[in-house]
Structures are given as C-alpha cells and as structure tokens.
Amino acid sequence: MSRYRLRPTPAQEQALLEHCGHARYVWNLAVEQHAHWRPGRTSAPGFAEQCRQLTEARAEHEWLRGGSIIVQQQALKDFAQAMAKFFGMTHRRPTWRRRGRSEGFRIVAVKAGDVRRLSRNVGEVRVPKVGWVRFGWSRAVLDGVKSYRITRDRAGRWHVAFAVIPEPIPAPSTGEVVGVDRGVAVSAALSTGELLNAPTPREAEKTRLRRLQRKLARAKRGSNRRGKVKAAIAKLKARETDRRRDWVEKTSTDLARRFDVIAVEDLKIAGMTRSARGTVEAPGGNVRQKAALNRGILAAGWGRLVQRLEHKAPGRVVKVNPAYTSQRCSVCGIVDRTSRESQAVFRCRSCGYAGNADVNAAGNIRHAAGHAVSARGGPPLGGPVNREPQRDLLLVG
Ligand SMILES: [Zn+2]
C-alpha cells in the first residue's frame, strides 16, 4: 500500500463523504448484528448472508441504493476480516464507527485506465459515482492497481492508498530451489551464500530526524510550526519507506526470476520458535543495537517480501517449519545446539563446516523445502507449478 494525498473539489468531497457514510452505515449494521450474538445461539450471519441482506436493504432504502454497491460490499468484507482477526486473537472486536473519525471506503475491480498521471506532480483516479479525483503524484504508482482505499482523517485530509498485485513472473524452469532466511544483521540470507541488505536510514537522515524530533518536542501544541515540523518528519519517513519498498520489489522480482522454488520460514511458526532460536532476543554485542534499531523495520519488510514473492511466484513459495534451522548443519545434517558459535558464525562440531549462520539456516530452509516438494508428489522441480501450495504438506518438521 502506498498512500497519496487526495485533492477532491468541494463537490467531489460531498460525494466522497456520501460513500464514507454508506460504508459506515453498513459496517455499523454488521457490528449491530454481531453484538446480539452470544455463544450457543445460531451463528451470526457471515459475509455471504450479509451480502444478501445488503441487497434487501438496498431494495428498501433509496439512499443506500443510490450509493455504490462496491463501497457497501467492501465495508462488509472489511468487517468480515476484522472479525477473523478478532477470532484469531490478534485484534480487538470491531466496534462502531463514528462520523468524522477515521472514515473511509474501498474500491475494488480497478481497471488499467482508472489511475493516470496528469503532470509531474498530479495524478487522478476514477472513483465510482464521483468521477476523476486528483491526487498528489508524490511517488510512482506501480502498474497493476487492483484496489484502493480512500480515507479521511480527523483533520479532514483525504488520502488514497493503492494496492498493487503484480503479474506473476514465469519460473526459470531450472529446478533451482533457494532457501531464504530472515537475518538480523543482514535482512536476508540466501542458501546460495548471498547476503541481502535492505536499505536502512542514512546517517545524515538519522541526524536530521533527531533534530526534527527535538524541535517537535519544543513546539507548542496546535501551532503552525508544529504542523510544519510534523510534515517534515513524515516526509523523511516516507522517503525511507519508499526505499525499503523499492528494495522489496527488486528483491522479490529477482528471486522469482532466478529460482523455481523459493523456500521461506513459516512466520506463524517462526513467531513461536524465534525466542528458542535466540537470534533476536540474545544477539551478541554490536548486533544487539543494530537489531533493536532494525527489528521493526525488518519485521515489516520481511512480511512484505514474502507477500510480494507469493504474488510474483504464485505456487512457487514454500513455507517451512523453522525449527532447528539455526542448530542444524546444512552440510552434514547434524543437529547440535552448540554449533551456533555466535550470532554470525555457525561451526559444525561434527563435520567441521563453518560459515555464516544465516546462510547455514537458509541452507536448512532449502533442504526442508526439498522434502516438502517431493512429499506432495509434485513433478520434479521446474515443471509448471501454477497450482496453489498445499500448506499443510509444506510444513515439515
Ligand atoms: Zn556438519
């Protein structure tokens, strides 16, 4: 998702507010229905049932019928996702949306010509029932926008965020499998021995950011000056984000082009075993500081990298159980917890192999993926692999 400042005309703003109102109304209806649900009663209506009810509601209420069905359906979809997150215990139960507070709606089924550039700094996006709305072309919009979300913050500023799902990249059909390990000191280690570094803030930028933050602390609340400092900080951070996203795009394209199968840790399992692995929690010396600094950045960047890989190499990304990937020797296969000499060095006491610990882990991820691919009885690597990955088979112990 990349966000741009939207600049609607006053008339368009009215129409956008109407979309927000419809989305809010539908969302709140869904909240209401679920609020009455208690354990033991028949289940609260799911997404499909709610869509049917929406059709009925549109037949009944003219003002709802006058709005965009996409906006209203997507509000239901957002709600269904929010409930899934709630049941997954990662988020709180979705609550009522109030007018004027974080309002927005989503448009899907966006066509190729619906986003275009007008001049160096101005673009425009076609919004159903609103028309072409201009936005600040502050950075490149990637090809292949499939959906976007329009939001209005409390200060009344409008933004549009485009979700781009890139076209799949054909497999090289060489049978090559690569293991990718999420490192701490470096962003990613490949089983080929390559170490990839995501861009981190430059020294000059860090200095400037610290200076701006001090200024912000001194600026009076609600003052003009404070607004300006905040904007400068946001701009600086946006530039960093852009650079990292750029890196993710290039890296995912490169991996999808070079390898038939790309093996990564299963993040859901990794989250649970990470502490046992002791890479993030107990890194050594200098790495510790850097790790603390980059942890958040890397966590976000890694998730995005895997997501992009799945878009660009659908069916070719294998997720493996990361257990023991740091303790197993990728050369002889011995699992020995004392082999990890330090954060950076792996030294096998059995066969004598020594090397970068993250590369060794990447080698093990590659090895686990090899098992997963043969276990699902697929063709030898390199064949046309455009089917969906069978997740349960891919989790090898
Ligand atoms: Zn060994």
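Trainee: Does Cys348 count as buried or exposed, and at what relative accessibility?

Mentor: This is a predicted model: local features need pLDDT of at least 70, side-chain atom pairs count only at pLDDT 80 or more, and totals for chains, interfaces and linings use all residues. Residues are numbered from 1 along each chain as its sequence is written, and side-chain values use heavy atoms, with hydrogens and water left out. Buried means under 20% relative accessible area, exposed over 50%, partly exposed in between (1.4 Å probe, protein chains only). Cys348 therefore counts as buried, at 5%.

Trainee: Which residues are the protein donors of the zinc ion?

Mentor: Donors are N, O and S atoms within 2.8 Å of the metal (3.2 Å for Na, K and Ca); water is not among the atoms, so sites may look incomplete. Here the SG atoms lie 2.3 Å from the zinc ion. They belong to Cys329, Cys332, Cys348 and Cys351.

Trainee: How are these donor residues spaced in sequence?

Mentor: Cys329 sits in the loop between β12 (317-320) and β13 (345-347), and Cys348 in the loop between β13 and β14 (354-356), 19 residues apart. Helices (H or I, at least four residues) and strands (E, at least two) are DSSP runs, numbered from the N terminus. The spacing of the donor residues reads C-x2-C-x15-C-x2-C.

Trainee: Which exposed residues does α2 carry on the face turned away from its buried side?

Mentor: Helix α2 covers residues 47-60. Gln50, Cys51, Leu54, Ala57 and Arg58 are buried in α2. Those buried residues fall within an arc of 115° (directions from the helix axis to the C-beta atoms), so they line one face. The face turned away carries Ala48, Ala59 and Glu60.

Definitions and conventions:
The expected span of a helix is 1.5 Å times one less than its number of residues.
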